[in-house]
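Subject: Structure for you to look at

Hello,

Here is the structure I promised to pass on. Please open it and keep it beside you while you read my notes.

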Amino acid sequence: MPRSGSCRPSGPATSWTRTVYAARYLADKTYRRRIARKLNKGENLHALRRSLAYAGEGALRRRHHEQQTEQMWCLTLATNAIVCWSTEYHGLAVGALRQQGRIIDDEVLAHIWPTHHENMRFYGTHSVDTDGYRPLRLVTDGGAW
């Protein structure tokens, strides 16, 4: 069954654009790294959302559209809270390490994302201390936390 040409652009202009993009992607190593970094950030954000949604077994449990929308907004709110909290603690950790005299390259920090969630627990009851920050854990001599 033939596809309708009105759904997507076609012709020499789009073919040329794809060719130029492919040539640039293959020729420029820094461009490939930048694209890969963006893809990894997106995949990491989706992994965080999947982990959060797994508490509800990853399914929309509400019957009506408005309730499903509310459930998705709650997922978005929880995701944004985790990203904000992680960003704050990454900044505190970097500041503490720099205060101790450690040299931390900003190029390395460009590869750290606040969506990493291996250290987070998604189940159970969580309390939030609004009086301040919890103390940062220091690395022992063995390198483990």
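A contact means that heavy atoms lie within 4.5 Å. With that in hand, take Ser86. Ser86 touches Pro114 and Met120, leaving aside residues up to four places away in sequence. Please bear in mind that this is a predicted model.

Is Ser86 buried or exposed? Buried means under 20% relative accessible area. Ser86 has a relative accessible area of 10%, so Ser86 is buried.

Now the helix around it. Ser86 sits in helix H3, which covers residues 65-99. Ser86 is one of the buried residues of H3. The list also holds Leu75, Thr79, Ile82, Tyr89 and Val94. What do these buried residues pack against? Their partners are helix H2 (29-53) and helix H4 (106-109).

Next, a check on the length of H3. The helix has 35 residues, and at 1.5 Å a residue they should span 51 Å. The expected span is 1.5 Å times one less than the number of residues. The end C-alpha atoms of H3 are 51 Å apart, so the two values agree. Just after H3 comes Gly101, with a positive phi of about 95°.

Step back to the whole chain. The protein chain has four helices and zero strands. Along the sequence, the pattern reads α-α-α-α. There are 145 residues in the protein chain, and buried residues make up 12% of them.

Last, the empty space. Rolling a probe the size of a water molecule over the atoms shows where such space is left. The largest pocket holds about 1700 Å³ of space. Its lining has 40 residues, and the closest to the pocket centre are Trp85, Tyr89, Asn119, Arg134 and Arg137. Tyr89 is also on the list of buried residues of H3.

Which helix gives the most to this lining? The answer is H3, with twelve residues. H3 and H4 each supply at least two residues of the lining. By class, the lining of the largest pocket has 24 nonpolar, ten polar and six charged residues.

Best wishes

Conventions: Residues numbered from 1 in each chain as written. Predicted model: local features only at pLDDT ≥ 70, side-chain atom pairs only at ≥ 80, totals over all residues. Heavy atoms only, no water. Buried < 20%, exposed > 50% of the residue type's maximum accessible area, 1.4 Å probe, protein only. 1 Å grid on protein atoms, 1.4 Å probe; cavity = no way out; pocket = protein on both sides within 12 Å on 5 of 7 lines; lining within 4 Å. Points joined across faces, edges and corners; volume = space filled by probe spheres on them. Nonpolar A, V, L, I, M, F, W, Y, C, P; charged D, E, K, R; others polar.
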